[in-house]
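Hello,

Here is the structure for your files. My notes on it follow below.

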Amino acid sequence: MNQHRPFILISNDDGYDSNGIRILVDMIKDIADILVCAPDSGRSGFSCAFSATKYLVLNRQENIDDVEVWSCNGTPVDCVKLAIDQLCDGRKPDLVIGGINHGDNSTVNNHYSGTVGVALEGCLKYIPSIAFSSCFYDIHANLEPLRPYVRTIVQRVLSDGLPKGICLNVNFPASEQFDGVKVCRMTFGRWVNEVVKARHPRGYDYYWMVGNYQNDEPDAEETDQWALNHNFVAITPTLIDVTAYEFMNVVKGWNL
C-alpha cells in the first residue's frame, strides 16, 4: 500500500463477492488504497451485532482487481473490528465504507441494516464513515449511475472529514437517472404484518419474518423516503449519540 494515499476499509452485509462491493471498489480504486473485509455470505439485518459466543475465521479471497479481499464468518461489525486489528498492519483507515447495499436502508431500516452497522462501527472508532445503499434489490441491477455521486461524496469526506460521532447514510432511488440530491432527516415509519405463521408437517408451528413498510409521514418533504420516492439521492447525517437531550429536563423534573 502507498502510505501517501488515503486508506479506505470497505465491508457490507451482502457478502464479499456481491455485485455492489465489486462495483464500489471499481468506482474509487484510483482515489485511495483499499482493503475489503466482508462477511462470507449475506448478513442482512445484523445491524451492529458482533459475535460474542463463537470464534471467527478470516479467509483470504481472490482480489478485486488489485484490491486485497478477505471474508469472515461473522457479522459486518466483526469484519470491521477484525480488519482494523488484524489486517491493516497498524495503519488506521481514513474512511470506512459499508456497501454498496442491494436494498433500501433509509428510514427505520437504518436501525436494522448491517451496511449502516459498518458505518456506525467506523464512527464509533472516530473514523469518518459512509453507508451507501441502492433501492434496487436486484443483485444484478445497473449501479453505474451511482458512480459520480459516490466518488464526489467519498472525495469530500476524505478532504473535509466528518464531525466526531456523525456518519453518513446515503441511499439511491431505484432508478438509472436521478433528479438531484437531498440532505434529509430520517422518516418516521414502521414495519407491519411482520410475522407469517405456518404449520410444519412434523406437527409444530414455525414463523417467517417478512412485513410491509408503512410510511407514517408520506408528505414530509424533508425526509429520506420523500426524497427517494421523488427520485432524489438521500443523504442522512446520522448520530452515534442517541441521547434525547430535549427530554432530559423532563426526566429530571420527576424528582426521583
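The protein exposes about 13400 Å², and carbon and sulfur atoms supply 52% of that area. Areas are Shrake-Rupley values with a 1.4 Å probe, and for residues only the protein chains shown count as cover.

This is a predicted model: local features need pLDDT of at least 70, side-chain atom pairs count only at pLDDT 80 or more, and totals for chains, interfaces and linings use all residues. Residues are numbered from 1 along each chain as its sequence is written, and side-chain values use heavy atoms, without hydrogens and water.

Size next. The C-alpha atoms fill a box of roughly 55 × 50 × 50 Å along the principal axes.

Buried residues make up 48% of the 256 (buried is under 20% relative accessible area, exposed over 50%, partly exposed in between; 1.4 Å probe, protein chains only). Of the contacts between residues at least 6 apart in sequence, 76% join residues at least 24 apart (contact: heavy atoms within 4.5 Å).

Now the cysteines. The disulfide count is 0 (a disulfide is a pair of cysteine sulfur atoms within 2.5 Å). The sulfur of Cys-48 has its closest cysteine sulfur in Cys-167, at 8.9 Å, too far for a bond. Cys-48 is partly exposed, at 32% relative accessible area. Cys-184 is in no disulfide either; the nearest cysteine sulfur, in Cys-135, is 12 Å away. Cys-184 is buried, at 8% relative accessibility.

Best wishes
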